[in-house]
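Subject: Structure handover

Dear colleague,

Here is the structure you were going to take over. My notes on what was found in it come after it.

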Amino acid sequence: MKRRSLPVAAALAASAALLLTACGGGDDKSSDNDKIAGADQGTETPKESAKPSAAPAEDKPDGVDLSLPKDMNLVFDWDKPKDENEAAAMEDAANYIRAIYRGVDKRTAKDAAVAAYATGDGVHYAETQINEWIKGGWTGTGTRRHYDATTRSAPNGNSVEVAFCADTGKFYGKEVKTGKVLKSEPSLKDFDYYKIIMTKYPTGKDLWQASKVFVETEAKRCQ
């Protein structure tokens with residue numbers, strides 16, 4: 001895990017509107033809330049205990065706490081690119097996802113981790129996600145898997161597109177008040193395809209922030 005100095009306060013800027021346009025072909029879908037676990041789902045108890053969270057080797061990269069509860073397992077099953085910038089951008093794209101679910105766990109969209117790994121529309125997307133979980137009275141539990149990642153650098157070298165699939169078939173909403181776990185039958189709704197534009201922080205060495213988030217829901221390519 002790399003170590004970098006981060007002026008967190010400077011990362012708090014957010015745009016007025018969320019940019020979630022479809023990525024790629026005409027069949028792509030997008031929404032402000034992506035898929036919020038727990039909506040229209042039945043109540044069950046997990047048959048197996050969740051594995052420990054696949055957090056970074058150290059829970060405080062860049063001096064920002066990204067620790068998650070043991071039953072919230074975010075798995076990033078992808079290979080590190082050879083290009084140094086693309087590898088750093090991919091790592092911080094994973095940290096951005098961790099920051100969102102740390103906000104879900106801590107019940108706040110203003111956690112320092114979001115400010116660290118997002119800017120502009122990336123902040124707005126993260127806050128929208130976190131606030132929907134809070135509004136629903138849910139936290140998350142289980143395993144959320146991210147895989148089939150690709151990277152593509154902009155010609156100027158200041159931004160990298162990190163694209164990947166997400167499988168939430170074993171990641172569930174859990175009612176905060178009761179502890180009940182909300183589960184649904186496996187379906188295409190469990191699969192999403194993300195394109196996150198990671199922008200290099202101008203004064204931070206190797207720090208990349210999510211500036212735009214594009215989501216294709218019900219992504220057949222990820223099954």
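Among contacts in the protein chain (heavy atoms within 4.5 Å) between residues at least 6 apart in sequence, 73% join residues at least 24 apart. This is a predicted model, in which local features need pLDDT of at least 70 and side-chain atom pairs count only at pLDDT 80 or more, while totals for chains, interfaces and linings use all residues. Residues are numbered from 1 along each chain as its sequence is written, and side-chain values use heavy atoms, with hydrogens and water left out.

Overall layout

The protein chain has three helices and seven strands. Helices here are DSSP runs of H or I with at least four residues, strands are runs of E with at least two, and both are numbered from the N terminus. Read from the N terminus, the order is β-β-α-α-α-β-β-β-β-β. Of the 223 residues in the protein chain, 49% are buried. Buried means under 20% relative accessible area, exposed means over 50%, and partly exposed is in between, with a 1.4 Å probe and protein chains only. The accessible surface of the protein chain is about 10,700 Å², and carbon and sulfur atoms account for 48% of that surface. Such areas come from the Shrake-Rupley method with a 1.4 Å probe, and for residues only the protein chains shown count as cover.

The helix pair

Helix α1 (residues 84-106) packs with helix α3 (residues 121-136) at an angle of about 35°, and their axes are 9 Å apart. The axes are lines fitted to C-alpha atoms, for helices over the stretch in contact, and angles run from 0 to 180 degrees between N-to-C directions. The crossing of α1 and α3 is right-handed, that is, the near helix is turned clockwise from the far one by less than a right angle. On the α1 side the contact involves Tyr96, Ala99, Ile100, Tyr101, Gly103 and Val104, and these meet Gly122, Tyr125, Ala126, Gln129, Ile130 and Trp133 in α3. The residues of this contact divide into nine nonpolar, three polar and no charged. In that count Ala, Val, Leu, Ile, Met, Phe, Trp, Tyr, Cys and Pro are nonpolar, Asp, Glu, Lys and Arg are charged, and the others, Gly among them, are polar.

Threonine 128 also lies in α3. Its relative accessible area is 17%, so threonine 128 counts as buried.

The cores

The largest nonpolar core has 45 residues, and those with the most contacts inside it are Tyr96, Ile97, Tyr101, Val162, Tyr194, Ile196 and Met198. A nonpolar core is a set of buried Ala, Val, Leu, Ile, Met, Phe, Trp, Tyr and Cys residues joined through side-chain atoms within 4.5 Å. The elements that each supply at least two residues of this core are β2 (72-77), α1, α2 (112-117), α3, β4 (159-175), β6 (191-200) and β7 (208-217). The largest share, 11 residues, comes from α1. Not counting residues up to four places away in sequence, isoleucine 97 touches Leu74, Phe76, Arg144, His146, Phe164 and Ile196. There is also a second, separate core of seven residues, including Tyr147, Ala163, Ala219 and Cys222.

Residues in the strands

Tryptophan 208 is in strand β7. Tryptophan 208 is buried because its relative accessible area is 0%. Alanine 88 is 120 residues from tryptophan 208 in sequence, yet their C-alpha atoms are 7.1 Å apart. Leaving aside neighbours within four places in sequence, the contacts of tryptophan 208 include Asn85, Ala88, Asp92, Tyr117 and Met198.

With the neighbours within four places left aside, among its contacts are Tyr96, Gly122 and Ile196. Alanine 210 and tyrosine 125, 85 residues apart along the chain, have their C-alpha atoms separated by 9.7 Å.

Methionine 72, in strand β2, is buried at 0% relative accessibility.

Glutamate 218, in the segment after β7, has a positive phi of about 50° and is not a glycine either. Arginine 107 is partly exposed at 28% relative accessible area, and glutamate 218 is partly exposed at 30%.

Regards
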